[in-house]
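Have a look at the picture before reading on.

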Amino acid sequence: MNITLYSRREWIALAILSALILIVFPATMDIFRLNLVGKYLTYAFVAVGLVLCWGHGGILSLGQGIFFGLGGYCMAMFLKLEASSPENTAIQSTPGIPDFMDWNQVTELPFWWVPFKSFPFTLVAVVVVPVIFAWIIGAAMFKRRVGGVYFAIITQAFAAILTILIVGQQGYTGGVNGITDLRTLLGWDIRTDGAKVILYFVNAALLIAVLLVGQMVRVSKFGRLLIAMRDKEDRVRFSGYDVANFKMFIFCLAAAFSAIGGAMFTLQVGFMSPSFVGIVPSIEMVIFAAVGGRLSLFGAVYGALIVNWAKTSFSETFPELWLFAMGGLFIAVVMTFPNGLAGLFRSHVEPLVARLLRKPVVAARETTTAAEPAKLAAE
Amino acid sequence: MMSDDTPRKSPIATRRRVLAGMSALPFMGILGTKVSAADYPTAVVNTTGLAVTDDKVTVGILHSVTGTMSISETGSVQAEKLAIKQINDAGGVLGRQIDFIQEDGASDWPTFAEKAKKLLVQDKVASVMGCWTSASRKAVLPVFEQYNGMLYYPTFYEGLEQSPNVIYTGQEATQQIIAGIDWVVSNKGAKSFYLLGSDYIWPRTSNKIARKHIEKLGLEVVGEEYYPLGHTQFNSVINKIKLRKPDVIYAIVVGGSNVAFYKQLKAAGIDMTKEKPLLLTISVTEDEILGIGGENIVGAYACMKYFQSLPNDNNVEFVKAFKEMWGDDIVIGDVTQAAYLGPWLWKMAVEKAGSFDIDKVREASPGIEFAKAPEGYVRIHENHHLWSKTRVGHALDDGQYEVVYETEDLVEPEPFPEGYQ
Amino acid sequence: MIGDYTLVEFSSILAMQGFAGLILFSVFVLMALGLAVIFGQMGVINMAHGEFMILGAYVTWLCSQFVTAYVPALFPIYFFIAMALAFVASGALGILVEWALIRHLYKRPLDTLLATWGLSLILQQLYRSVFGAREVGVSLPDWMMGSFPLTDIIEVPINGLFVMALTILISLAVFLLMFRSRWGKQVRAVVQNRPMAGAVGINTKKVDRLTFGLGCGVAGVAGSAFTMIGSTGPTAGQLYIVDTFLVVVFGGAASLIGTIASAFTISQAQSTMEFFMSGSMAKVLTLLTVVGILMLRPEGLFTLKMRR
């Protein structure tokens, strides 16, 4: 398996990426910046899912925020229940329920909150709830051969619906504010600096695991079918494959990745709000994948890191002008280098490196993934 | 609402008393008394490593200058910058000039949390003036509590909160609601109310308090409705209002929806100047009227603590200074004024404490009096909210309010109102 | 619900709700028509559609400022001039955008989404820098803001009538242009088969550019009309975008009739439900219904039969 999982060059890329997020960042950054990078890396989960689903499968979902949000909310519900022990909430009219429920005259924990008192259940729900949701959407759409632009807009509508629902049912969901003031995980204070470092490494390890899973899918026979489906769906169907099932699988997988990212986001940032479910974050996540290179799993990680880093630093330096810069970046990526950073790397940096190493340039495969050391310095 | 121990004084007497009190404390500096930084060595006034040097102290400004909320938050940023400039011109705080770092919350709550953390952890600011929506405050609150910062929060809000790390310079819900409803009941003979709001916590909590109060008075609520933020079609609810014929439409619609709501109300033939029904709002300040257009809201009543047209000397001076700095076309709403209070209240607390340390500033804060506030005399309550007056304004067609009523006494802030939960 | 009212009141409810629904229908058609032209005819996803609308609104505001300051005599009728200018301004910007961005992306329709999203960010910030972050209030002539009282309860808002009339006018114009003019024939030919259209001598590039410009221009007129009922601010365009896309997709992208039929269905459903429940729930139910129907009939209500 390992022999075919990655080419030698891809192993190097994976090693560089792992070294970067496991060693370089923690060694060079203070806890505040490291926590920020940890937050960016949770978006990378979504971007990796999109590379598979959009770049390889040709299914553009503008609703990945749904799954990111559902995963995050599942985790937030557990943490909130833990933070709302009767002792902590003694001043409420109904102690023992989350504060926002008390403000909205809810006097009893709703039944669907009760299972989230269990940590094992929560861990399962973080992945299963979004996947079920994705499966329902996928089943309805792909079985009826809805694809392309329609699919994009319908997922967008789902994101809008879910946001309105969460905001509207604030007695049960926390409304616009979201679920805030999360404190401990099984008695372990997640707000301390030490906890943040540990959570960062858990997050980084999960991300690398997700990258490996993604790569396994990519190099498998299924991965080749996926590309075939993207390019000529009918021919795959005529060859006797059930295209809809394959699409549903990849869509659910992308949803699961997003959900893990969402749960890690909640843990690292300490709250979850409907502003991650809506249309804007969903499109932004597509843009991370596009900037990184829609065909490159590693590129997705760099895309999420670089776009967010640029967003943070632009908005620190020119708070009133950063939208110009962001808008310009998106247009530039689409217009001038549609394969994103990975594409740039492949066409410009790789030959250069090869020349420096005095080795013949291996013909670049279409799906070659790559890291760009120059960009790392900028981080 | 009024507690019995509220001092009953005319505003003028109050101001005199405060001025007298200040002359006894020459270093309070409100009147521009110069204080030398040498009297307050940095090592003494800053024991917790804040961004305070021998001649400078850094504070943070954290509002949205991009995204949907920038419509509302721009005024607050301008007011805070004006206050900082005035304080600097008057000699600064403990002899140090105030420097500010402005961060953009981008109308996005997680961004607020991220930027708040940056201001506290990396920039070590001595205090932060910022946030507007409840959601953004809820997002930054754990950050301020964890890293022990001090936030001056300017917006009128739903209450149900009292953090040691926040000074709330706007009104909590009961301060804004009770007096207004009492006024329409006693002066306009209102018997029935239709409650309307955007769908999030502030309108819902406010309407809850309003409903309890209305029912306590033995009057009737004939409808209660919520619309998603950003909703632009109000014809159906206007039809419902016409059928139920309430005496008062109690509207807490916010943001872009506001404009749609009032334009459609007017177009549907509800002339607010006839006061049948009368419209009472707690969400439309002079800032919002810019977008709505004065002619579309003329005749409505708003219940706030501050209106740009307040005739007192402090306010005349404040409006003049504000227009000098930001241009003649500018309007000043309730929240803008509350944002202006933030830097001043912080400065006074620092000087009372003789230190920039957050813990000492917090300890010094309750009881701080600001007699030069544009809205008139205010005082910080033990619960970190302000004692302030509540006023009712009548909208004119030039986009200004005419003050038609103000409470005789300062209204006590009660973030956890008994009997309204 | 019905039990509370008398028969007269109930019939008034029906009449007024029907009218409210018709206004909403007109608003939806106006919003969606420009997008239907672009998305339906060209397959381009224009995420900056809302920003083109707001450009029209700002042009109207500038016009109202100018007219009040220099030629107050024209004030009662300035709105018509403003709408024409809004069409020109948004259309011109549309043509510019087509030339600079869109024409390079026809082979990658999903990518136009990203590019136009970037464009919408830039336009929003541009409006903010030029016109300020606060909303601007467009003052309207008095005759447009009143209402006709029909009975004690029923009153007909004039701006509602105005929007309806405008909708009919614009829809007619677009239909004549698309189905009765030579140019419309060319557009439809390009939609159905681009290489063949090119082969018979149609300048497909020019057709594309003008179609895009037309769609954006209609958006500008819509934005101008919406100053009567909504807000004008840098981010106001975002309020409309989801509804607009849903209307177009629900109608079947390639069909203008479909767009109108779907606007009618959605608006009536929403306005009826809003009367019986809270606005938030009505919105969710409407969206869910639309999505539900789309799952059963993914190609939308009306489709154009063609070879792909």
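## Two domains in chain B

This is a predicted model. In chain B, the domain assignment gives two domains, each made of two stretches of sequence: domain 1 covers 11-171 + 310-388, and domain 2 covers 173-304 + 394-406.

## Overall build of chain B

Chain B contains 14 helices and 15 strands. Its C-alpha trace spans about 70 × 45 × 45 Å along the principal axes. A compact globule of 421 residues would have a radius of gyration near 22 Å, and chain B agrees with that because its own value is 21 Å.

How much of chain B is buried? Of its 421 residues, 62% count as buried. As for contacts in chain B with a separation of 6 or more, 72% are between residues 24 or more positions apart.

## A three-stranded sheet

Chain B has an open sheet of 3 strands, running in the order 11-12-13 with antiparallel pairing. Strand 11 (369-370) and strand 13 (386-387) of chain B are the edge strands, and each pairs on one side only.

Strand 12 (residues 378-380) of chain B pairs with strand 13 of chain B over 2 bridges, in the antiparallel sense. To find your way around, look for Ile380(B), which stands opposite Leu386(B) in strand 13 of chain B.

## Where chain A meets chain C

Now over to the other chains. Here 33 residues of chain A are in contact with 30 residues of chain C. Four helices of chain A each supply at least two residues of the side that touches chain C: helix 6 (119-142), helix 7 (148-168), helix 13 (279-292) and helix 15 (322-336).

Which helix of chain A has the largest share of the side that touches chain C? That's helix 7 of chain A, with 13 residues. By class, the side of chain A that touches chain C has 28 nonpolar, 4 polar and 1 charged residues.

Conventions:
Residues numbered from 1 in each chain as written. Chains lettered and ligands numbered in written order. Predicted model: local features only at pLDDT ≥ 70, side-chain atom pairs only at ≥ 80, totals over all residues. Rg over C-alpha atoms; globule rule 2.2 N^0.38 Å. Buried ≥ 20, exposed ≤ 12 C-beta atoms within 10 Å, placed from the backbone. Contact = placed C-beta atoms within 7 Å. Domains from an automatic or database assignment. Pairing = 2+ DSSP bridges. Nonpolar A, V, L, I, M, F, W, Y, C, P; charged D, E, K, R; others polar.
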